[in-house]
Amino acid sequence: MIQRSHAASLQLSRETRERFVAATEPLIAPVARAIGERLTALASQTGNAREMQENRDGFLAFQTHGANWVAQSQAAWRKALASSAIEGSSSNSLSRLELIGDEVVETGILSSRLAQAIQDKASFELNDLRLRIQHLEGTHELDTRDILKPEALAKVLVDQWLATGLSRGLWTKVQEQVQQHMVDPVVKAYKDANAFLVGKDVMPEIDLKSFVRRTGSVGSGSAPLGGSFAGGAAASASMGVGQTRMVPGGFGAPAGSFAPAAIGVGRGAAGMGQQAGGDTLVATGGSPLLMARQRAQGVLLNLKRFVTARIGGDITLPRGQGGGEMAGGVGGAASPAFVAAIADAEAAYQVAASQYVVGEEATAIHNASAELRRRTSELKKKAPTTADKATVEIVALMFQAILAEERIPFSARVWFARLQMPVLRVAIAEPEFFGTLQHPARMLIDRMGSCVMGFDAAAISGSALEGEIRRVVQVIEQYPETGQRVFKLVFDEFVAFLNKYLTQSDTTQRVMSVAQQVEQKETMAIQYTIELRKMLNDMPVREEIREFLFKVWAEVLAIAALRYGAQDEQTVTLKRVASDLVWAASAKPNRNDRTRVIQDLPKLLQRLRQGMTLLGIVGEPQEAHIKTIGATLSDAFLSKTEAIPPAKIEAMAKRLANLEDFVSDEGTTDLPLDAASIELLLGVDAASIEVVPDTGTKVSEDMLAWAHELQVGTWFMLDHNDRVSQVQFVWRSDRKQLHLFASSDGRSFLIQVGRLASYLQAGLLVPAEEETLTVRATREALAKLDANPERLLN
């Protein structure tokens, strides 16, 4: 290689960054066009009133601020190039993070998803470029704000989005378009930067072995997303590391497989009712959901009793408030020295973990477990109080149980292991972690666990789901001083990801689309009928007209609103027909009124036919309705009853015009569902889709509540028509009336809520896991402590 002076090398690295910014700055305008197209499409979609209004507001906001976003992003990106060379590298220090607010964390999480998408696609090009730049500059790592890192560009785009007045929610709606139009061109820019440096004879060949070793020196907890192989992400076997591969966290292993546990086999140390620690908690009644919660809460209660008996305090309370000895700080705050020790242990574990390159999965698990155990022992020696020692031991035992859980695919388990130190930090600062099932850290681990324990290792390895778990862990590691807030934020993001990830297949999308439309149309028709009944309640309207409006025209209005939009001209016209018909069919003692009816009758009948045709009522059935209406209108000419005041008719017309404002989004319990018509509308092989409609069977409110609380991503065993299938809950419709389950053999089950509740009640739909991951881990930890109490403090 050419020998250069230090100044010449620095000039070459600056030129590389300038070329990178010059290549990526022009990408922002096309991304804005793609965003505009997406928001235009959303604004034209039909949906419930709230969604349609949000989509219109988003479209108008981007129309107003989109151009500013492009200009400000481009300017900020150029400015980032200038500041990249002079910024310090301590932007993620603990002292700074102590002041981080919710908004900063939320913004960081938004940008991290785009950064992760770039990182995943550009990992090899990016790491080659990193090594070449480090070689030129004589450094061991890029600065945390270096513009060559994926998060730098992502942060500029998100920051400027918010600075121009656009919302985080709107960014979430368009982030997929941003990724689609940004990732590949940025990857090309990295590739071109490498080609430029190779052309300048800068490390034309990179020694792969040296490359793998380097990842261990930079995988600390303070490294931001995208730094140093993304904390140990992915060098594949094709890169020359024999038959092993680097996987997230630095562990290497061949793909394995596992089978889900059989239903009804208790995994706890003492089964479902017996609690470790010597006590028995018996759920004395209520729904299975309530009983499961009682059992889970019982595990936490027994842990509390066990620890309190041995340290003389309650670890579920802040130190100094019945929670044992003070942890060294004012008002029960954790000891700063101990917090620093946890941070050091976390960084050291990540460094060690990133160096594991093995060819056998069990060895990697053993190494990880031994390393975490060693770190735990060191931390217990440094713990300032008995409560802190107990907390360290309990968290360690919980994660030992999680790491040993063979039903979690290996590539996901290594990321779960990375959460031990962040969870320990939260448990020390927020002892209620041990007292509630709703702590965000527990909820996140449980949700990720419930999702991955139904997949085999081959399905997880290299998937977007594995990538999302990796991203979630890395974001938590980036914000060590934010407590449970960051767990809550990434939990919400993970749930949003699942909703999209589990429904990405074309077949599932078609099922969802048709099911959503059927639900929406039928629910709107029911609600429209209710509103029409209210309007006509005190009006003298013939029964034939009432019957037609309630049973036919409400359906017409619903399908028109769904197909054209609630305020489309065609829908508005059909709404007006309802009030015109009521007036035309009322008594007409006045000659002028009779003349007006005669003049308007052809147009009214034409619109009635138009509406019925839209609903599919044609031919003889349509003529029968027209004949009935015609006879009723004729009778109105001869009627001596009181006429309906014009003011009432006009009030009805105005209410009809804005009918959606009066329609509730709450679901109905008598939603019709016709299996044959849905399968016909799908346009796919109906043999792979099982439509399971309500049968009218009475189910308890407890069971309906349970059905409504099922979490997307959870696995079940479904016994339908004497065939048992392992299924995953992948989608719930907006009004919670329809639920979609996907089986591991490719079948789909669209189940109506009443039938779902009756299946839960009859035991035909059973959760694949009796307990959540953290409850089971707590139970197993408590069983070990019960057998060996001395280990709590030793």
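Guide: Welcome! This is a predicted model, in which local features need pLDDT of at least 70, side-chain atom pairs count only at pLDDT 80 or more, and totals for chains, interfaces and linings use all residues. Residues are numbered from 1 along each chain as its sequence is written, and side-chain values use heavy atoms, with hydrogens and water left out.

Visitor: How many helices and strands are there in the protein?

Guide: Helices (H or I, at least four residues) and strands (E, at least two) are DSSP runs, numbered from the N terminus. Counted that way, the protein has 29 helices and 6 strands.

Visitor: Is F20 buried or exposed?

Guide: F20 sits in helix 1 (residues 6–24), where it touches W77, I147, L148, V186, A189 and Y190, leaving out residues up to four places away in sequence. Contact here means heavy atoms within 4.5 Å. Buried means under 20% relative accessible area, exposed over 50%, and partly exposed in between (1.4 Å probe, protein chains only). With a relative accessible area of 2%, F20 is buried.

Visitor: Which residues have the most contacts inside the largest nonpolar core?

Guide: A nonpolar core is a set of buried Ala, Val, Leu, Ile, Met, Phe, Trp, Tyr and Cys residues joined through side-chain atoms within 4.5 Å. The largest one has 107 residues, and helix 13 (residues 386–403) gives the most to it, with 11 residues. The residues with the most contacts inside this core are L465 and F741.

Visitor: How far apart are the end C-alpha atoms of helix 10?

Guide: Helix 10 (residues 288–311) has 24 residues. The expected span is 1.5 Å times one less than the number of residues, so helix 10 should span 34 Å. The computed distance agrees, with the end C-alpha atoms 35 Å apart.

Visitor: Are helix 18 and helix 19 roughly parallel or roughly antiparallel?

Guide: Axes are lines fitted to C-alpha atoms, for helices over the stretch in contact, and angles run from 0 to 180 degrees between N-to-C directions. The axes of helix 18 (residues 464–478) and helix 19 (residues 484–501) come within 10 Å and cross at roughly 170 degrees. Angles under 35 degrees count as roughly parallel, over 145 as roughly antiparallel, 65 to 115 as roughly perpendicular and the rest as oblique. Therefore helix 18 and helix 19 are roughly antiparallel.
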